[in-house]
Amino acid sequence: MKFWTRRTWMTLAAVSGFAAVAVGAFAAHGVQDPRAQEWLRTGSVYGFMHTLATFACATFMQVGARRARFAPAFFLSGVVLFSGSLYAMALGAPRWLGMVTPVGGLLFLAGWAVLAWAARGVDPKA
């Protein structure tokens, strides 16, 4: 039995979406510091955007873009590093943790590149 299946990615994406909404609400109602609010909002927006991209990968796979199965690992790893580092700093982690944030951004970009590559597999005869 394979662990990294479409079901696994969709489950992780749903958890990621839940976290993004919860953090966004916390930023709006539970944090007073404007910098912390901005970090939480930014992390939430990017996290949610890449949660939806992970769900899109499932659709891509359904229509024949089998290579889309590689993109969720980049998207969700990016959420952990990009959004997670912003969340941590907003909650008091040391600022040097911000050096991790761009690595998450690069993972987002890699996921989009993989998705573009995967799109080439849709309707190959068209």
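Which residues in the largest nonpolar core touch the most other members?

**Figure 1. The largest nonpolar core of the predicted model.** Trp 39, Leu 40, Leu 86, Met 89 and Ala 90 touch the most other members of this core, which has 14 residues. A nonpolar core is a set of buried Ala, Val, Leu, Ile, Met, Phe, Trp, Tyr and Cys residues joined through side-chain atoms within 4.5 Å. Buried means under 20% relative accessible area, exposed means over 50%, and partly exposed lies in between (1.4 Å probe, protein chains only). Helix H1 (6-29), helix H2 (34-62) and helix H3 (71-90) each give two or more residues to the core. H3 provides the largest share, six residues. A second, separate core has 10 residues, including Ala 53, Cys 57, Ala 68 and Ala 71. In soluble globular proteins, nonpolar side chains tend to be buried together.

The model is predicted: local features need pLDDT of at least 70, side-chain atom pairs count only at pLDDT 80 or more, and totals for chains, interfaces and linings use all residues. Residues are numbered from 1 along each chain as its sequence is written, and side-chain values use heavy atoms, with hydrogens and water left out.

**Figure 2. The chain as a whole.** The chain contains four helices and zero strands, and its elements run α-α-α-α from the N terminus on. Helices (H or I, at least four residues) and strands (E, at least two) are DSSP runs, numbered from the N terminus. Along the principal axes, the C-alpha atoms fill a box of roughly 55 × 30 × 25 Å. Of the 126 residues in the chain, 37% are buried. The chain exposes about 7600 Å², and carbon and sulfur atoms supply 69% of this area; accessible areas come from the Shrake-Rupley method with a 1.4 Å probe, and for residues only the protein chains shown count as cover. Among contacts (heavy atoms within 4.5 Å) with a separation of 6 or more, residues 24 or more positions apart account for 71%.

**Figure 3. The contact of H2 with H3.** The axes of these two helices come within 8 Å and cross at roughly 170°. Axes are lines fitted to C-alpha atoms, for helices over the stretch in contact, and angles run from 0 to 180 degrees between N-to-C directions. The crossing therefore makes H2 roughly antiparallel to H3. Angles under 35 degrees count as roughly parallel, over 145 as roughly antiparallel, 65 to 115 as roughly perpendicular and the rest as oblique. Residues of H2 including Trp 39, Gly 43, His 50 and Cys 57 meet residues of H3 including Ala 71, Phe 75, Leu 86 and Ala 90. The residues of this contact divide into 16 nonpolar, seven polar and no charged. Here Ala, Val, Leu, Ile, Met, Phe, Trp, Tyr, Cys and Pro count as nonpolar, Asp, Glu, Lys and Arg as charged, and the others, Gly among them, as polar.

**Figure 4. Surroundings of Leu 86.** Neighbours within four places in sequence are left aside in this view. Leu 86 is then in contact with Trp 39, Thr 42, Gly 43 and Thr 101.

**Figure 5. Ala 27 in helix H1****.** Ala 27 is buried, with a relative accessible area of 0%. Not counting residues up to four places away in sequence, Ala 27 touches Gln 37, Leu 40 and Arg 41. Ala 27 and Tyr 87 are 60 residues apart in sequence, and their C-alpha atoms are 9.8 Å apart in space.

**Figure 6. Ala 36 in helix H2****.** With 3% relative accessibility, Ala 36 counts as buried. Apart from neighbours within four places in sequence, Ala 36 is in contact with Val 31 and Ala 90.

**Figure 7. Tyr 46 in helix H2****.** Tyr 46 counts as partly exposed, at 33% relative accessibility. Its contacts, not counting residues up to four places away in sequence, are with Phe 82, Ser 83 and Phe 108. Tyr 46 and Ala 113 are 67 residues apart in sequence and 17 Å apart in space, C-alpha to C-alpha.
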